[in-house]
Amino acid sequence: MFEIIVLGIVQGLTEFIPISSSGHLVIGQNFFSGASDHLFLEFINIGTLLALLVFFRKKILTIIKDVFVRKNYRLARNIIITAVPAGVVGFVLADFIGSSAFFGSVVVVMVTLAVVGVIMVVLEKLPKASPVKNGEALPAKRALVIGLAQVFALIPGVSRSGSTIIAGRLSGLSPAAAAEYSFLASLPIMMGVTLKILITDQVYLAANMPALIVGNIAAFIAGVLAIGFLMQYLSKHSLAVFGWYRIGLAGVLAVVLLVQ
């Protein structure tokens, strides 16, 4: 039960803070049990999905009104464009991702933590596209670029929020606007994954119901807190501190792997 609660908290915090939920969960599960239970990690995404829906409920209602009442499709269109690449690749490679040792490897996590961490540290010095106010103002091509960046988040350690916020910054969004768009663009994928596992993995769900309920409650609470923190933090700061954290964690993992 302690492991379940810890993994739920880790999932909730790291799904939104750009330090990689999948990477931290791979590390956590290897530390606790020496194995990665991919289905458990997918199921506790339900808690983080609920955290997103609750935190952005007003924005989501605005998008719905824009589409069905005001006939303004720009933001909804951009979200779909951004979601499609990772959604398609994730669907096609779902079995491989769930079974491959690559996606449960601490070495892979160590490398991706470091590489993306360096990008975050130097991000504000990189050239960027002309500024845009928010996700609705993004040209479709830039929304697609963010979507292509999101594909790399299928690799543990990259971070879905990290890759899309980086791409959003390079596409002209402010840090806070990039974070908001990143979270909104993750909704279709997270909803799709949740629907898929609820349909195809009912045996696992029934066999592990108590653990999944506890893990999702922990993930939901931690997720709401993490979203609120990140939105406030990025209104005044860059991603650099998260980059340094990732680099430091990668260094710790390298030392641990060397002494084993």
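User: Which helix gives the largest share of the lining of the largest pocket?

Analyst: The model is a predicted one. Its largest pocket holds about 1,100 Å³ of space. Helix 1 (2–16), helix 2 (21–32), helix 3 (38–43), helix 6 (74–92), helix 7 (94–99) and helix 11 (175–200) each give two or more residues to the lining of this pocket. The largest share, 8 residues, comes from helix 6.

User: Which residues lie nearest the centre of the largest pocket?

Analyst: The lining of the largest pocket consists of 20 nonpolar, 15 polar and 6 charged residues. In total, 41 residues line the largest pocket, and those nearest its centre are Glu 42, Asn 45, Leu 154, Ile 189 and Val 193.

User: Which element contributes the largest share of the lining of the second largest pocket?

Analyst: Two or more lining residues of the second largest pocket come from each of helix 5 (57–68), helix 6 and helix 11. The largest share amounts to 5 residues, and the element that gives it is helix 5.

User: How far apart in sequence are the parts that the pair of Phe 16 and Phe 183 ties together?

Analyst: Phe 16 and Phe 183 form an edge-to-face aromatic pair, with 5.4 Å centre to centre and 90 degrees between the planes. Both Phe 16 and Phe 183 are buried. Phe 16 belongs to helix 1 and Phe 183 to helix 11, so the pair ties together parts whose separation in sequence is 167 residues.

User: Which residues do ring pairs link into a cluster?

Analyst: The count of aromatic pairs comes to 6. Among them is the edge-to-face pair of Phe 55 and Phe 56. Ring pairs link four phenylalanines into a cluster, namely Phe 16, Phe 55, Phe 56 and Phe 183.

User: How many residues apart are Arg 160 and Glu 15?

Analyst: Arg 160 forms a salt bridge with Glu 15, and their closest N and O atoms are 4.0 Å apart. Both Arg 160 and Glu 15 are buried. Arg 160 lies in helix 10 (residues 160–170) and Glu 15 in helix 1, so that the pair links distant parts of the chain, with a separation of 145 residues.

User: Where does Glu 124 lie, and in which helix is Arg 169?

Analyst: The salt bridge between Glu 124 and Arg 169 has its closest N and O atoms 2.6 Å apart. Glu 124 counts as partly exposed at 36% relative accessibility, whereas Arg 169 counts as buried at 11%. The pair ties together parts 45 residues apart in sequence, because Glu 124 lies in the loop between helix 8 (106–122) and helix 9 (140–151), and Arg 169 lies in helix 10.

User: What is the N to O distance in the salt bridge of Asp 66 and Arg 70?

Analyst: The count of salt bridges comes to 3. Asp 66 counts as buried, at 11% relative accessibility. The side chains of Asp 66 and Arg 70 meet with an N to O distance of 2.7 Å.

How values were computed. Residues are numbered from 1 along each chain as its sequence is written. This is a predicted model: local features need pLDDT of at least 70, side-chain atom pairs count only at pLDDT 80 or more; totals for chains, interfaces and linings use all residues. Side-chain values use heavy atoms; hydrogens and water are left out. On a 1 Å grid over the protein atoms alone, a cavity is a set of points where a 1.4 Å probe fits but cannot get out, and a pocket is an open set with protein on both sides within 12 Å along at least five of seven lines; lining residues have an atom within 4 Å of a point. Grid points are joined across faces, edges and corners, and a volume is the space filled by probe spheres set on the points. Helices (H or I, at least four residues) and strands (E, at least two) are DSSP runs, numbered from the N terminus. Ala, Val, Leu, Ile, Met, Phe, Trp, Tyr, Cys and Pro count as nonpolar, Asp, Glu, Lys and Arg as charged, and the others, Gly among them, as polar. Rings of Phe, Tyr and Trp (its six-membered ring) pair if their centres lie within 6.5 Å; planes under 30 degrees apart count as stacked, over 60 as edge-to-face and the rest as tilted. Buried means under 20% relative accessible area, exposed over 50%, partly exposed in between (1.4 Å probe, protein chains only).
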